[in-house]
Amino acid sequence: SSSKLLIKGGTVVNAHHQEVADVYVEDGIIVSVQPNINVGDDVTVLDATGKYVMPGGIDPHTHLEMEFMGTETIDDFFSGQAAALAGGTTMHIDFVIPVNGSLTAGFEAYKKKAKKSCMDYGFHMAITKWDEIVAREMEIMVQEKGINSFKFFLAYKGSLMIRDELLLEGLKKCKSLGALAMVHAENGDAVAEGQKRMIDLGVTGPEGHALSRPPVLEGEATARAIRLAGFVNVPLYVVHVMSIDAMEEIAKAQKSGQKVVGEPVVSGLVLDDSELWNPDFTIAAKYVMSPPIRKPGHGKALQAALSRGVLQLVGTDHCTFNSTQKALGIDDFRKIPNGVNGIEERMHLVWDTMVEWGQISVTDYVRITSTECARIFNIYPRKGAILAGSDADIIILNPNSSFEITAATHHSRTDTNVYEGRKGKGKVEVTIAGGKVVWDGSALKVAPGSGKYIEMPPFSHLFNGIEKADAAYLSSLRAPVRRLKAAT
Ligand code: URP
Ligand code: ZN
Ligand code: ZN
Ligand code: ZN
């Protein structure tokens, strides 16, 4: 039956190790990984000779079915996940947006949207205001609802943006709950000023988006968030690192021993801002996201930082709007819904750019596309590994096959693709999710409702050593206080 599966003769790759082995799967779980496994006739056998057998991708950053900037992202939990599976991603973590400031209402709304899921998913939660109720709801989310990360927006003034006072409260709360604080790092006040400048100059097109929020505003907010997280002594996760400015702040903090995770997204790694100047609005508008896609040079520097380990995992920020939705900003770049596609393209583009071009090893590829995400969000080795006992979320990638990206053939509902026409080496020929073949290289076999909600427990390894550091800090404060008291 289809619930028993043997993947024969491939090179099995984990983040720590690779070897030629067979993988035997039963009822959605990997049962054994070893050479020459013999099975009966009732087992479906897939030949992976000459190919890589790897953990399915985990996308740490998506926005499916999100209400945003006067509209709603066009990929819902079914279409976005189907696209993901066709591209070798078998789990994603989406951002719950509170409803009227209520985390509980937001969580319930997202659980309802996600009922049609065809792959496993988890949630981060955005924090957009602060009071005693929010603080209490954060506890409930962590202790009862399986959420272990909260995103704070330093940009989107007037809607999602929060002030430093709230960020500090949030960081303290995250620390006490063992939850990871995530930050959208752009200075929202300065962005508003930059936008005003552009409008005053008569720049209303998509290029005004990039010009109004330059890398310095991302660098400032990244540095500020890092320093405040250091002050509170809590780990920090910087989402969508788009610029050298932000990356260098992260590198500096890591050098000083601070726990900062940097997440680049595919668009920031492989695209540059040139199309924002395209006179065809429809083309230019599809590249509008925040922080903006940067000038040539930033992407290459982010790739290098990824290969050095300064940046640890790759997301997409998949947040799709079709051309009609993007046209909401035809007269004013400030009204163009922010976001680009990527959930289906990430695994291929990262393989081609990082492995095929010789920047990282195949084991590193598994680490940055899957394992590191599972570790950070505390679901390893259930996810992110091909080990006995892990969930059977597996891809077979043929390094000698090639891919081509087009809106005409992609599975997202959006009518454009920011990677239109890109070709590369390395193709996901099979995706297995929950022990079932859902993608065979040309056709999807997905059913709404087959995806599971993955609860993510608090206090990941990032929290190791925090208490010790706090104790050391306190005793370093006490000594001078004692001296001061003795003197008076
Ligand atoms: O442009 C973007 N990034 N849209 C999604 C919302 C966010 O800030 O992640
Ligand atoms: Zn091994
Ligand atoms: Zn963001
Ligand atoms: Zn995002």
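Where is Asp317 found? I looked this up first. Asp317 sits in the loop between α11 and α12 (323-326), where helices (H or I, at least four residues) and strands (E, at least two) are DSSP runs numbered from the N terminus.

**Entry: ground rules**

I am working on a predicted model, in which local features need pLDDT of at least 70, side-chain atom pairs count only at pLDDT 80 or more, and totals for chains, interfaces and linings use all residues. Residues are numbered from 1 along each chain as its sequence is written, while chains are lettered from A and ligands numbered from 1 in the order in which they are written.

I checked the backbone of Asp317 and found a positive phi of about 60°, although Asp317 is not a glycine. Asp317 is buried, because 29 other C-beta atoms lie within 10 Å. The cut-offs are 20 or more other C-beta atoms within 10 Å for buried, 12 or fewer for exposed, and partly exposed in between, with C-beta atoms placed from the backbone.

I then listed what surrounds ligand 1: His63, His184, His240, Met289, Ser290, Asp317, Cys319, Asn338 and Gly339. The shell divides into two nonpolar, six polar and one charged residue. For this count, Ala, Val, Leu, Ile, Met, Phe, Trp, Tyr, Cys and Pro are nonpolar, Asp, Glu, Lys and Arg are charged, and the others, Gly among them, are polar.

Most residues other than glycine have a negative phi, and most peptide bonds are trans. I looked for exceptions.

Ser290, one of the residues around ligand 1, is joined to Pro291 by a cis peptide bond with omega about -10°. Pro291 lies in the loop between α10 (281-285) and α11 (298-308). From Tyr380 to Pro381 the peptide bond is also cis, with omega near 5°, and Pro381 belongs to the loop between α14 (362-376) and β15 (394-404).

Asn36 has a positive phi near 50° without being a glycine. I place Asn36 in the loop between β3 (29-34) and β4 (44-47). Is Asn36 buried or exposed? Asn36 counts as exposed, because it has 9 C-beta neighbours inside 10 Å.

**Entry: Lys151**

I took one annotation from UniProt: an unreviewed entry places "modified residue: N6-carboxylysine" at Lys151. UniProt positions are in the numbering used here, feature names are shortened, and annotations may be inferred rather than shown by experiment. Lys151 is in strand β11 (residues 149-153) and is buried, since 22 other C-beta atoms lie within 10 Å.

Which residues does Lys151 contact, leaving aside its neighbours within four places in sequence? They are Phe95, His124, Ala126, Met182, His184 and Val239. Two residues are in contact if their C-beta atoms, placed from the backbone, lie within 7 Å.

**Entry: core and α1**

I find 142 residues in the largest nonpolar core, and Val23, Val53, Ala181 and Val238 have the most contacts inside it. Such a core is a set of buried Ala, Val, Leu, Ile, Met, Phe, Trp, Tyr and Cys residues joined through C-beta atoms within 7 Å. Helix α1 (residues 77-86) gives the most to this core, seven residues.

Ten of the ten residues of α1 are buried, so the helix is largely enclosed by the rest of the structure. These buried residues pack against β6 (57-62), β9 (89-96), α2 (103-113), β16 (423-433) and β17 (436-439). Just after α1, Gly88 takes a positive phi of about 90°.

In strand β9 I picked out His92, which counts as buried because it has 29 C-beta neighbours inside 10 Å. Not counting residues up to four places away in sequence, His92 touches Ile58, Asp59, Thr62, Ala84, Tyr121 and Ile343. The C-alpha atoms of His92 and Thr62 are separated by 6.9 Å, at 30 residues apart along the chain.

**Entry: whole chain**

I record 15 helices and 17 strands for the protein chain. Its radius of gyration is 23 Å, close to the 23 Å of the globule rule for 488 residues, so the chain is as compact as a globular protein of that length. The radius is taken over C-alpha atoms, and the rule is 2.2 Å times the number of residues to the power 0.38. Of the 488 residues, 54% count as buried.

Key:
A residue is near a molecule or strand if its C-beta atom, placed from the backbone, lies within 6 Å of it.
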